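Thanks, everyone. I'll keep this short. Have a look at the model first, and then I'll walk you through it.

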Amino acid sequence: MFGAEEEAEILTATTTCGKLFCTLLQQGELFVGQLPGEEECLAADSSAEVKYKIWMRHRYQSCIDQLINLMMHESDQVQEVVLCTLMKFVQAEGRWPLVRYEDNERYIFPQELLKLLVDNLLQIERDTSSLLSRFQEYLEYEDVRYYVMVYAADNISRIMQSSKGDLLPVYQQNAFGLLSSIHMPAEQKELSNFLVKQQSKYHWMEKMGYQGKRVFERLWLAFLKRKLSTNLYKKVLVILHESILPHMSKPTLMIDFLTAAYEIGGAISLLALNGLFYLILHHNLEYPDFYKKLYSLLDPSVLHVKYRARFFHLLDLFLSSSHLPAYLVAAFSKRLSRLSLNSPPQALLMLIPFICNLIRRHPSCKLLIHRPNETQDLSADPYIMEEEDPAKCRAMESSLWELQTLQYHYHPDVANEAATINKALSSQESDLSTLLDLSVSELFEKEPNKKVKSVPLEFELAEGLLGKRNDLVRHHWTLE
C-alpha cells in the first residue's frame, strides 16, 4: 500500500517529468530518428551534442515506460495524472516529431506511443473503467479517435483469438467501455478538433469519411464475433441501433448477430428489435416469420421489464401498417387482452389504449368487441393462448371479454379506460407517448391532484339518525 506522502511524491514527479520533456521536445533537445543503443552510442565516435541528445532520448523512453507501469497504480488520482501526462507527450511528439520525414509528408502522428497507451487501457485481468472514463475526453479529437479505433481493433482481434473462444469478462468489459466511448460524428462536417495541429485537413477528410466507417466497422465486428456474457450482450443491443449501425459502411453485416440475438428470447430479443427495425427500415431486411416471433415475445414478463416502453414503441410501429391481415392484428389484440388480466395498473393504462388503437386502424377487427350472440361461458373461448403461430390461435373467433372484465378493476382509472369499448370508438387514435413509461410513482403523484366531485361515504344510504334499515341500533333504540 502506498502512503499519502509517497503518492504525493509520485504526482509531483509525474507532473515535473511532463513539463521537462515537453520543453525538451520543443527545444529539439531529443535525438530525432531511429534511436541507437545507449552503450553503442557512447562508444561511437560522435559529437558530444549527439551523444547528449541520444542519452536524453533514452531518458525520455525510460520515463514513458515508468509512466505506463504507473497506469496500474492503486490510486485513481495517480492513474489520471499519468494518463494526462502521456497524452501531453502524444501532443508534443505530434508537434515536434521524433521521426524523420520527407518534406512532402503532410502529417506525422505519434502512433507508437498511442498504441502503447491503448494496449494498456485494455487490460485482461484488471478493471480500467476509471481510466477509460477519463480517456473519453481525448476521443473527441478526430485524430486520436481514428488511431484508437485502429489499434483497439488490432488488440481485440489478437487477444480474443488467443483466448480460443473462452470468455474474458474483465477484458471484454474494458473493451466495451472503450468502444462505447467512441462517438462517430452524425454527418460529415468541417474537421477542426485535432490533438495534433496541422495545416492540411484534406488528409483527414478522407480518413474520417468512408475509411473511418470501415475502421469503425472492423472494430465492432472484431468485438462482436466472439462470445459475450448476457449482461454485455444487453449493453451492446441497447446502443446498437443509434451508436453503431448508422456509422458502419455495411450495416447489413450485423444481420447474423441481430437475428441470433432475436432468437434467444426474453429481454435480449426485445432489445434486438431496435437493430432489426433499423435494418428493415433502412436496408430492406426481410426476416422470415418476423411477426410470428414478435407474437411469441408477448408473455407476462414483457410488462415488467425495464425495456417495456422501448418494446411497445417498436411494437406500435410494426403494427401500424393498414395492410396487415386482420387475423394477425386480432391475434396481437387478443394476446395483449389476455395478458392484461395479470398486469399492474400502470401497464394497463397503456395496454388498453394500445389495443383500441389497433382496432381503430383495422375496422374488420371491431367484431372482437361487438360480437353478436357472444356466449357468457368463458371456458368456451376458442382462443388458444399456448399457440405460438398467430394464424392458428383462432383469435378472430374470440372476443375481447378481458376488457369488459377490467371495467370492474379496483383502480378507477383502469375501469374508466376499459369502459371506452362500451361506446363506438372514435377515429382519432390515443397518444401513447406519455403512457409507455408510466410508473407506479407517477400514479401515486396524480391521485392527490385529482378534483373529486362527490365522495361516497357508504354503500347503502342511511335512513335517519339511527343508521340503516334492520340495523341493531335501530332495533333496540328509538327516538320519541
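Start with R394. R394 counts as partly exposed, because its relative accessibility is 39%, between the cut-offs of 20% and 50%. Where does R394 lie? In the loop between α17 (345-361) and α18 (401-405). The backbone deserves a look there. R394 is not a glycine, yet its phi is positive, near 65°. Most residues other than glycine have a negative phi.

Before going on, a reminder: this is a predicted model.

N284 is not a glycine either, and its phi is positive, about 55°. N284 sits in the loop between α13 (266-283) and α14 (290-296). Buried or exposed? N284 is exposed, because its relative accessible area of 65% is over 50%. G265 follows α12, and its phi is positive, near 95°.

Stay with α12 for a moment. This helix covers residues 255-264, and F257, L258, T259, A261 and Y262 in it are buried. A general point on helices: with 3.6 residues a turn, residues three or four places apart point the same way.

Now the overall picture. The chain has 21 helices and 0 strands. Of its 480 residues, 46% are buried. What about contacts along the sequence? Take those between residues at least 6 apart: 74% of them join residues at least 24 apart.

On to the interior. In soluble globular proteins, nonpolar side chains tend to be buried together. Here, the largest nonpolar core has 144 residues. Which residues have the most contacts inside that core? F135, F223 and F312. The helix that gives the most to this core is α7 (residues 142-162), with 12 residues.

Let's look around F312. Leaving out residues up to four places away in sequence, F312 touches V302, L303, L336, M350, L351, F354 and L436.

Next, a helix pair. Helix α1 spans residues 4-26, and helix α4 spans residues 76-95. They pack with their axes 10 Å apart, at an angle of about 5°. That angle makes α1 roughly parallel to α4, because the limit for that label is 35 degrees. What meets what? From α1, the contact includes E7, I10, L11, F21 and L25. From α4, it includes Q77, V78, V81, V82 and F89. By type, the residues of the α1 contact with α4 divide into 11 nonpolar, 5 polar and 3 charged.

Q66 and V82 are 16 residues apart in sequence, and their C-alpha atoms are 9.7 Å apart in space. Q66 is in helix α3 (residues 48-70).

Last, the cysteines. A disulfide is a covalent bond between the sulfur atoms of two cysteines. How many disulfides does a search of the whole structure find? It finds 0.

Over to you for questions.

How values were computed:
Residues are numbered from 1 along each chain as its sequence is written. This is a predicted model: local features need pLDDT of at least 70, side-chain atom pairs count only at pLDDT 80 or more; totals for chains, interfaces and linings use all residues. Side-chain values use heavy atoms; hydrogens and water are left out. A disulfide is a pair of cysteine sulfur atoms within 2.5 Å. Axes are lines fitted to C-alpha atoms, for helices over the stretch in contact, and angles run from 0 to 180 degrees between N-to-C directions. Helices (H or I, at least four residues) and strands (E, at least two) are DSSP runs, numbered from the N terminus. Angles under 35 degrees count as roughly parallel, over 145 as roughly antiparallel, 65 to 115 as roughly perpendicular and the rest as oblique. Contact means heavy atoms within 4.5 Å. Ala, Val, Leu, Ile, Met, Phe, Trp, Tyr, Cys and Pro count as nonpolar, Asp, Glu, Lys and Arg as charged, and the others, Gly among them, as polar. A nonpolar core is a set of buried Ala, Val, Leu, Ile, Met, Phe, Trp, Tyr and Cys residues joined through side-chain atoms within 4.5 Å. Buried means under 20% relative accessible area, exposed over 50%, partly exposed in between (1.4 Å probe, protein chains only).
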